[in-house]
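Biologist: I am new to this structure and would like a close look at a single part of it. Could you take me through the aromatic pair and its surroundings, with the terms explained as you go?

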Amino acid sequence: MHNYHRALTITALLSCAACSDAAPRGIDAAGNIDATSSTADAAPNSDGTAAVDANTSDSGTSDSGGTDGSSADAGAPTQLVPPGEINGELADGDQLQGAYTLTGAVTVRGNATVHILPGTTLTSPSFGLVVKGVLNVKGSKDAPVVVTGPSTGKAWAGIVVSGTMTATWLEVSQAVINVQSQAGATLTLDHCHMHHAEQYNLLSRGASTLTRMLIEQPRKGANATFNLGIKGGEVVLMDSVLRETPNECVLSEDNAT
């Protein structure tokens with residue numbers, strides 16, 4: 001274990017099942033749901049799925065479209081990108097729903113808002129997803145959005161955000177860095193599962209709000225994996241489980257808050 005604590009300011013209660021005796025509300029020290037807690041349904045389950053709050057719907061969305069997340073925000077012109085092979089730029093109003101394979105890097109344009117709808121899968125042999133504009137990932141409990149790559153050999157490039165990404169019920173795995181945000185970027189993630197990365201399961205350099213997350217496990221053969229990296233910027237982490245990593249659950253540096 002390394003000691004990286006340079007200029008770290010902690011402004012919220014941060015609990016980690018793998019590196020602290022205290023567990024998040026509703027989760028015991030082993031990372032399992034505590035059925036006796038009134039907040040147990042607000043935290044991810046130990047099997048990698050996450051439980052919905054009793055006062056929210058399974059859709060995991062709050063936009064003005066359908067309750068199943070099947071339509072984009074009202075007033076925005078939309079067009080479905082046909083499932084199958086995909087590469088290049090995504091335009092404003094593009095929607096993804098179905099199974100896609102990345103045959104090259106995919107970029108959300110800086111002036112574009114793109115929606116990924118429930119049940120969508122994106123598989124990449126090596127290429128990354130770059131978010132310069134706005135990406136709304138609208139998975140649901142019963143139909144999460146899954147973004148992944150090969151479990152052996154070369155890891156794929158992951159999701160890189162320099163704009164804004166909002167996601168519910170998103171699972172990302174098998175990348176060099178599963179999700180990373182640049183300085184000035186904004187991440188808002190709820191009920192998301194990040195696992196089996198080579199370097200970081202999640203790396204934040206901007207402003208990130210992370211609720212009901214499950215962040216765990218290194219990629220096979222990797223021994224330098226961190227669950228959550230905070231390099232500058234500010235992160236709020238609530239009701240989440242971080243566990244099973246060969247290094248720190250949380251690595252904070254560069255005047256991070």
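Modeller: What follows is a walk from the aromatic pair to the parts around it. This is a predicted model, in which local features need pLDDT of at least 70 and side-chain atom pairs count only at pLDDT 80 or more, while totals for chains, interfaces and linings use all residues. Residues are numbered from 1 along each chain as its sequence is written, and side-chain values use heavy atoms, with hydrogens and water left out.

The structure holds one aromatic pair, formed by Tyr-200 and Phe-226, which are stacked at 5.5 Å centre to centre with 25 degrees between the planes. Rings of Phe, Tyr and Trp (its six-membered ring) pair if their centres lie within 6.5 Å, and planes under 30 degrees apart count as stacked, over 60 as edge-to-face and the rest as tilted. Tyr-200 lies in strand β16 (residues 200–204) and Phe-226 in strand β19 (residues 226–231), so the pair ties together parts that are 26 residues apart in sequence. Strands (E, at least two residues) and helices (H or I, at least four) are DSSP runs, numbered from the N terminus.

Tyr-200 is buried, at a relative accessible area of 9%, and Phe-226 also counts as buried, at 10%; buried means under 20% relative accessible area, exposed over 50%, and partly exposed in between, with a 1.4 Å probe and protein chains only. Tyr-200 also belongs to a nonpolar core of five residues, which include Ile-177, Leu-203 and Leu-251. Such a core is a set of buried Ala, Val, Leu, Ile, Met, Phe, Trp, Tyr and Cys residues joined through side-chain atoms within 4.5 Å. Apart from this core lies the largest one, which has 43 residues, with Ile-159, Leu-170 and Leu-189 making the most contacts inside it.

Thr-225 is found in the loop between β18 (214–218) and β19, and this residue is buried, with a relative accessible area of 0%. The side chain of Thr-225 reaches the backbone oxygen of Glu-198 at 2.9 Å, where a polar contact is a pair of N or O atoms within 3.5 Å; within protein, one must be able to donate a hydrogen and the other to accept it, and residues adjacent in sequence count only if both atoms are side-chain atoms. Leaving aside neighbours within four places in sequence, Thr-225 is in contact (heavy atoms within 4.5 Å) with residues including Ala-197, Gln-199, Asn-201, Pro-218 and Thr-245.
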